[in-house]
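Here's a quick tour of some aromatic rings and the spots around them. Have the sequence and the 3D view open as you read.

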Amino acid sequence: MVLDEAWRALEGVEPLSGAQGGPLRRTIKLILDPLVIRPVQNPGCAGPIVTAQGAVEVTARVHAAAGPLRATAEWFTLLKQVRRVLRITDGNPQDLYFQRCFELATSRGSPDRLRDTQIAEAALVELHGFTAGRTTRALREYLTDPARTQELTELIRIAWERRPLRDGSRADAAIRLTGLLDACAAARAERKRDGGQSLLDELLADHVGTHSGIRLWSVDTAPSAQDLGLTGHPAPPPPVLGATASTATLGLPFDRSIYERVFTVLQADLDRVDLPTVPDLVDAEIARSCAPWALLDESLRVAAAAGVVLALGFAPLGPEPIAESVAQRVINGRWRREAYALQARRLTVHTPDAAVADNPLAAVAADLYTPWRPYLRRLWVRLHGRDARELALPDADELWDLLDGVARSVILDHRMRVKQALSVSSPGTVADSTESRAS
């Protein structure tokens, strides 16, 4: 609210603003937070809630940067115009250009359209030169070539038919994974290192991750891949090639096309020089998509299996599960303290279903009934990104950091969704929500 009010007092920053006049989310994330407010250096400006003095300091810093911010907006407009002239279509302009525009604004001031066009062009060439031919356009052209399409489709068919379908796992896999998680969580609480490392080594040697992934191909598995929110089908289908993708409409993890899977790898890495070439990325992704958990590395498969055991014990709305493990207690305790979780719990107890549907917290409350689904989807995305870059997880400490970090990310994402829902609610809705909190 403080940022929004301070921002609306500025003039000439429309290219960095949303439809309602406030700063875009990427403006806050890429410019205001790291380059203007700098909460690490200015702790009074940090945190989701600021004091009265903190609000004054935030406003002062934003207003003091009014000139560079106007110049940033002008540079961004110029770079987008030159981008169109150069027929560049790869990447999101806000993600790619916002910080470079602020750099140009602080070093050169406002751009002159005649004098600085070459500077804008050089900046674009430099930014997009890091892709080294590994672009979404190159990916689309590679996958849509008629002769190659037939060849790659046959490659998918062969890889899918050769999947390992025999599951030789031990019956105590879930118990062993719980032991690993609890050892990691306890070691972190006691500030010890190497907690659970020997357990992780044993799980890797027994290929527990691989066996858990094989089971997900069966419709008789409980919980199934569909129950876990990883596919919309009773069992994961073979992947298709695909030719389009959008970050806003990506399929569930096991339902994504080869194009969507490689697309996310390219979008997540601006400096793509170290990535394999597009043909190599596609070949590796076909093999990966037909492997257990749609992952190639065993340590990442174990991380996925551990994530399932952890997530199935999540209960942010309470009551506490009868057999709540140490690791689950750590995350559930954090989640239940969230204000939106408390409000969602009151909704489910005190509000009729028809009224809940009109409440801005209803969608978040629905997610909290099956919290393992958003968690496991986000975990798989992280593991897939690591697999594509050949970043294994053989260290128990690092494994817990990832699993715990995904939980924090989901909690923060829900918190942001609540903020957005309340910000667009009518005054009456907000008043009703405030009254409910008071009661």
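Is Tyr 259 buried or exposed? Tyr 259 is buried, because its relative accessibility is 0% and anything under 20% counts as buried. Keep in mind that this is a predicted model.

**Phe 254 and Trp 293**
- These two rings sit edge-to-face, because their planes are at 65 degrees, with the centres 6.2 Å apart.
- The pair ties together distant parts of the chain, 39 residues apart: Phe 254 is in the loop between helix H11 and helix H12, while Trp 293 is in the loop between helix H13 and H14.
- Phe 254 is buried at 7% relative accessible area, and Trp 293 is buried too, at 5%.

**Tyr 259 and Phe 263**
- This pair is stacked, because the planes are at 20 degrees; the ring centres are 6.1 Å apart.
- Both residues belong to helix H12, and being four residues apart puts about one helical turn between them.
- Phe 263 is buried, with a relative accessible area of 8%.

**A charge over rings**
- Arg 163 has its charged end over the ring of Trp 160, 3.8 Å from the centre.
- Arg 163 also lies over the face of Trp 217, 4.8 Å from that ring centre.

**Gly 307**
- You'll find Gly 307 in helix H14, buried at 0% relative accessible area.
- Beyond its close sequence neighbours, Gly 307 is in contact with Tyr 375, Leu 376, Leu 379 and Leu 403.
- Gly 307 and Tyr 375 are 68 residues apart in sequence, yet their C-alpha atoms are 8.4 Å apart.

Key
Residues are numbered from 1 along each chain as its sequence is written. This is a predicted model: local features need pLDDT of at least 70, side-chain atom pairs count only at pLDDT 80 or more; totals for chains, interfaces and linings use all residues. Side-chain values use heavy atoms; hydrogens and water are left out. Helices (H or I, at least four residues) and strands (E, at least two) are DSSP runs, numbered from the N terminus. Buried means under 20% relative accessible area, exposed over 50%, partly exposed in between (1.4 Å probe, protein chains only). Contact means heavy atoms within 4.5 Å. Rings of Phe, Tyr and Trp (its six-membered ring) pair if their centres lie within 6.5 Å; planes under 30 degrees apart count as stacked, over 60 as edge-to-face and the rest as tilted. A charge sits over a ring if NZ of Lys or CZ of Arg is within 6 Å of the ring centre and within 35 degrees of the ring normal. Lists of a residue's contacts leave out its neighbours within four places in sequence.
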